[in-house]
Amino acid sequence: MIAKGAERRIIQDQETMGKKKQEMSQTYNSSNNEFIFGENGGKGKNLTSFLKNFSLSDSSSSSATKSKSNDHIREANSNIYGNLSYGVASPKDEARRSGELGRTPKRVPIQKSYTSPLGASFSHLTNSSQESVGTKSTAGASSSKTSPYYSLAVQGGSSSRGGRRIHSHGRPSYTDLDDDWDADLKEISAPAESKNSGRGEKSSIENTANASSSSLSLQASPVLDSLYPDLTASVMNNPSNSNVANKNESFDYADLQARQEVYKLNQLAMKYNKFSKILTNGGNNVDISELRKLSWNGILPELRAITWQILLGYLPTNKYRQASTLKRKRQEYIEGLEAVSSQVNFADDSPSNNSTSSLRSTNANNNANKDRQLYHQIKIDVKRTNPSVKLYSLPETQQSLKKVLFLWAVRHPASGYVQGINDLCTPFFQIFLANYIWQLQKYVSSGKDLSNSEEKDLFIPGILDDEDEKERQLLEDPELVNYNINNIDMSRISPRVMSIIEADTYWCLSKLLETITENYIHEQPGIIRQVNELRILISKIDIDLLRHLDNEQVEFIQFSFRWMNCLLMRELSLNLIIRMWDTYLSETPLGFSNFHIYTCAAFLIKFSNDLKNMHFQDILLFLQNPPTQQWTEKDIEMMLSEAFIWQSLYKNASAHLR
């Protein structure tokens, strides 16, 4: 009997389910159906029918009254959509929200405070004009929604639809009591109808929206800034709310700046430790391959001099041979200078009235006259070297450059001195002078005792000497810590130190010019080759730019000859050139010949859009004086990265360059 009763009950349930499914199908397939989120904001015609059929339990059959059925409908609906109320709210909801039975609850603006996992509060980003929770509000009280980035208030109350006022009473209301979303659908639908009315009248909700949009304020996330101080988020501040924002600002801007400085110092400290580990490791030899990898992305100013000397091959990687090699090389420079000093007077800085042609016509077969002619040209070019930098306008600096250039020209008669080599000499002289000042400052900061200091291995050997009288005076100077290449008095540097700086400059310049000798011999075939390869490379990268230059009859030799001859030293500041040479010296072979072509291509491509809108004369004037005055090391690093990409694509793909 029990089994038969259970079987009969199952058959009845199946018949009931079939009827309910049929009704639900009719509800869905009705062409006029307006389900929950309908045109008027949640007043679906078949909503009640749907909710009855949706509850597939026996609650409808067991309900004896209509009120119980409505309670079940609300309960089923709340399980899916949250606590909703259609028409009159249930007594339980009213008691929970207002504390009184039978009384319509008053809506209270919701104010939320967002707190990040790290404890950074965003509550200061809310609108200061909002009322706190628990304050009694009138019919026009506003309901707010806040987030870490913006605050937007939507006011309730009455609205107008084409001049006809719509009141909330007498109309089913929709209230979402969940915490995930706070909205009133009647307020959202009203502006759309007002927009379509075409009567030119703005509803109160539209006015509220306009007021809310005007108070919209985007703020950068303080958590993002504190974790990544180098990243900056866009900020939109309303001037009218600037005072309020300043008062409510919980993230201290000064603290942000301090975090950024700490971050940069930590990065520099890490980089310094990496270089120091390579240069002062326990072995006898410096790992040149690791040093090249680390130097490609830039070298610290304190360690640039010793690193350049190692990368150029002037300073041996074997630590036990470094001091003896430098001593021998520096002595060789002094002896070579003494051999040629009888022909010219380096101390004579008076302007010469004799032109190069007059010196040539006096006695063309006289070797001494040739040397004077050579020195005359060098003296002219040295005076024009980096005129905007104070260091190179000092007579001591100019005399040192003249010695280095003249000795190199005499010892390399195949090429001799060529205009432009004077520019290539200046980076070496500058970093070696800066290294000497740094060694003095480190020596004083260590208490004038480097015997137990690990940094003594980072010093270039043979520079400091306790017996040097001028050097002792510098060590006793209380302002030594503030000295740099821009403010030091060159007359206070002893001749011994100047000869060391000159010798190191001479030998490093010689190492560099060995890689680009073809650029300075007769007819300069190396430069002609580089210019042709640059043109072919541009044809593969930006064919439109090449066609425009051809249409304007601009030849690459007209603007890129100086780029190859002076290695872009006339187009970029000296500090940026030094940073670029960090990467050049890290290339294998040195990047002054081949890698420089790709750098010039990246340099030209940067101005492609501007050049395509210019004519012949404007193009040449632009490329002779490109707008690089505001460039920083970041721009140089980006250009070098692009050059590396072009080299990776085309260096070993000769067919691409045909």
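Visitor: Among contacts in the protein chain between residues at least 6 apart in sequence, what share joins residues at least 24 apart?
Guide: In this predicted model, the share is 69%. Contact here means that heavy atoms come within 4.5 Å of each other.

Visitor: How many helices and strands are there in the protein chain?
Guide: You can find 27 helices and 4 strands. The chain has 658 residues, and 42% of them count as buried.

Visitor: What is the accessible surface of the protein chain, and what part belongs to carbon and sulfur atoms?
Guide: The surface is about 36,200 Å², and carbon and sulfur atoms account for 50% of it.

Visitor: Let's look at single residues. What makes Ser499 count as buried?
Guide: Buried means under 20% relative accessible area. Ser499 has a relative accessibility of 19%, so it counts as buried. Ser499 sits in helix α19, residues 495-515. Setting aside residues up to four places away in sequence, Ser499 touches Tyr333 and Ile334. Its C-alpha atom is also 9.8 Å from that of Lys403, a residue 96 places away along the chain.

Visitor: And Ser295, why is that one called buried?
Guide: Its relative accessible area is 0%, so Ser295 is buried. You will find Ser295 in helix α11, residues 288-295. Apart from neighbours within four places in sequence, Ser295 contacts Phe275, Thr307, Leu311, Asp582, Thr583 and Ser586.

Visitor: Why does Leu268 count as partly exposed?
Guide: The partly exposed class lies between the buried limit of 20% and the exposed limit of 50%. Leu268 has 45% relative accessibility, so it counts as partly exposed. Leu268 belongs to helix α10, residues 253-279. Between Leu268 and Leu300 there are 8.0 Å in space, C-alpha to C-alpha, although they are 32 residues apart in sequence.

Visitor: Now for whole helices. How do you know that α16 is largely enclosed by the rest of the structure?
Guide: We can count: 12 of its 17 residues are buried, so the rest of the structure largely encloses α16. Those buried residues include Thr397, Lys402, Lys403, Phe406 and Trp408. Among the elements that cover them are α13 (319-340), α15 (367-383), α17 and α19.

Visitor: What is the reach of α16 from its first C-alpha to its last?
Guide: Helix α16, residues 395-411, reaches 24 Å, close to the 24 Å expected at 1.5 Å a residue.

Visitor: How does the span of helix α27 compare with what it should be at 1.5 Å a residue?
Guide: Helix α27 has 18 residues, 633-650, and should span 26 Å. Its end C-alpha atoms are 26 Å apart, so the two values agree. The buried residues of α27 are Ile636, Met639, Leu640, Ala643, Trp646, Gln647 and Tyr650.

Visitor: Why can we say where the buried residues of α27 lie around its axis?
Guide: Looking down the axis, they fall within an arc of 120 degrees, so they line one face of the helix. The face turned away from that buried side carries the exposed residues Lys634 and Ser648. What covers the buried residues of α27 includes α20 (525-541), α23 (574-586) and α24 (595-605).

Visitor: Which residues of the largest nonpolar core touch the most other members?
Guide: They are Leu424, Leu572 and Trp581, in a core of 128 residues. Helix α17, residues 421-445, gives this core its largest share, 13 residues. The core also draws at least three residues from each of domain 2 (319-514) and domain 3 (518-657). Leaving aside neighbours within four places in sequence, the contacts of Trp581 include Trp308, Leu424, Phe428 and Phe592.

Visitor: What makes the backbone at Leu568 and Lys448 worth a look?
Guide: Most residues other than glycine have a negative phi. Leu568 is not a glycine, yet its phi is positive, about 65 degrees. Lys448 has a positive phi too, near 60 degrees. Leu568 is in the loop between α22 (556-565) and α23, while Lys448 is in the loop between α17 and α18 (469-476).

Visitor: Are these two buried or partly exposed?
Guide: Leu568 has 0% relative accessibility, so it counts as buried. Lys448, at 34%, counts as partly exposed.

Visitor: What kind of peptide bond joins Thr588 and Pro589?
Guide: The bond is cis, with omega about -5 degrees. Most peptide bonds are trans. Pro589 lies in the loop between α23 and α24.

Conventions
Residues numbered from 1 in each chain as written. Predicted model: local features only at pLDDT ≥ 70, side-chain atom pairs only at ≥ 80, totals over all residues. Heavy atoms only, no water. Helix = DSSP H or I, 4+ residues; strand = E, 2+ residues; numbered from the N terminus. Buried < 20%, exposed > 50% of the residue type's maximum accessible area, 1.4 Å probe, protein only. Expected span 1.5 Å × (residues − 1). Arc of directions from axis to C-beta. Areas by Shrake-Rupley, 256 points an atom, 1.4 Å probe, with all protein chains shown as cover. Core = buried A, V, L, I, M, F, W, Y, C linked by side-chain atoms within 4.5 Å. Domains from an automatic or database assignment.
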